[in-house]
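Hello,

Here is the structure I said I would pass on. My notes on it follow below.

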Amino acid sequence: MAKAKPRYCELCGREIRGEGHIIRIEGAELLVCDDCYRKYGRKPGTFSIMPRREPTRRLTPSKPRTPTIRRERPLITEDIVEDYAERVMEAIRKSGLSYEELSHKVGLSVNVLRRIAHGEYTPTIEEAKKLERFFKIKLVERVEADFEQKPIIPRDYEPTLGDIARIKIRKKKKK
């Protein structure tokens, strides 16, 4: 009598001792060992390595929503003052410290500090705030930007050929 050909687990590749188990993974039936069966085969249905999305319940609103009008807040940005170099240079002179001592205390490199003081480099907002804290001077100012009110387009609006031509011309000009 011929010796039976060994069977191997179709998941991990180990030799199957005993009967083996057949499980379904993503629609395919696989012959697996006891360890893989314990790991993947005890769950009802098919196993998938992909995470399942839980069905989201959609609540139907009891009353129809009224569209809320969003008021856009004005855009507030921070900008470096124009005469930052003079202010920093004056503060360095008043402090009486060398660039090396200041660089350690402020947290900027000597080169950056020197270039800011001579107006060769515009500091970032973070660098300017470090200088403001140390020297107690004003380098960052808040700027309110006005924004254009976009025209409200009705829902039943259908663009004409002229509207489309204008849109394409504007896009080309922006580039």
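The buried residues of H4 pack against H2, H3 and H5. Please keep in mind that this is a predicted model.

H4 itself spans residues 110-117. Its buried residues are Val 112, Leu 113, Ile 116 and Ala 117. They take up an arc of only 130° around the axis, so they sit on the same side of H4. Just after the helix comes Gly 119, with a positive phi of about 80°.

H3 covers residues 99-106. Tyr 99, Leu 102, Ser 103 and Val 106 are buried in H3. Viewed down the axis of H3, these buried residues lie within an arc of 105° and therefore line one face of the helix. On the face turned away from the buried side are the exposed residues His 104 and Lys 105. The partners of the buried residues of H3 are helix H2 (84-95), H4 and helix H5 (125-135). Gly 107 follows H3, and its phi is positive, near 100°.

How do H3 and H4 lie relative to each other? The two helices pack at an angle of about 105°, and their axes are 9 Å apart. Angles of 65 to 115 degrees count as roughly perpendicular, so H3 and H4 are roughly perpendicular to each other.

Which residues make this contact? From H3 come Tyr 99, Glu 100, Leu 102 and Ser 103, and they meet Val 110, Leu 113, Arg 114 and Ala 117 of H4. By type, the residues of the contact are five nonpolar, one polar and two charged.

The last item concerns aromatic rings. A pair of such rings is described by the distance of the centres and the angle of the planes. The structure holds one aromatic pair. The ring centres of Phe 134 and Phe 135 are 5.0 Å apart and the ring planes stand at 80°; a pair counts as edge-to-face when the planes are over 60 degrees apart, so this pair is edge-to-face.

Are these two residues buried or exposed? Phe 135 has a relative accessible area of 13%, so Phe 135 is buried. Phe 134 has a relative accessible area of 30% and is therefore partly exposed. The cut-off for buried is under 20%.

Regards

Methods
Residues are numbered from 1 along each chain as its sequence is written. This is a predicted model: local features need pLDDT of at least 70, side-chain atom pairs count only at pLDDT 80 or more; totals for chains, interfaces and linings use all residues. Side-chain values use heavy atoms; hydrogens and water are left out. Axes are lines fitted to C-alpha atoms, for helices over the stretch in contact, and angles run from 0 to 180 degrees between N-to-C directions. Helices (H or I, at least four residues) and strands (E, at least two) are DSSP runs, numbered from the N terminus. Angles under 35 degrees count as roughly parallel, over 145 as roughly antiparallel, 65 to 115 as roughly perpendicular and the rest as oblique. Contact means heavy atoms within 4.5 Å. Ala, Val, Leu, Ile, Met, Phe, Trp, Tyr, Cys and Pro count as nonpolar, Asp, Glu, Lys and Arg as charged, and the others, Gly among them, as polar. Rings of Phe, Tyr and Trp (its six-membered ring) pair if their centres lie within 6.5 Å; planes under 30 degrees apart count as stacked, over 60 as edge-to-face and the rest as tilted. Buried means under 20% relative accessible area, exposed over 50%, partly exposed in between (1.4 Å probe, protein chains only). The arc is that of the directions from the helix axis to the C-beta atoms.
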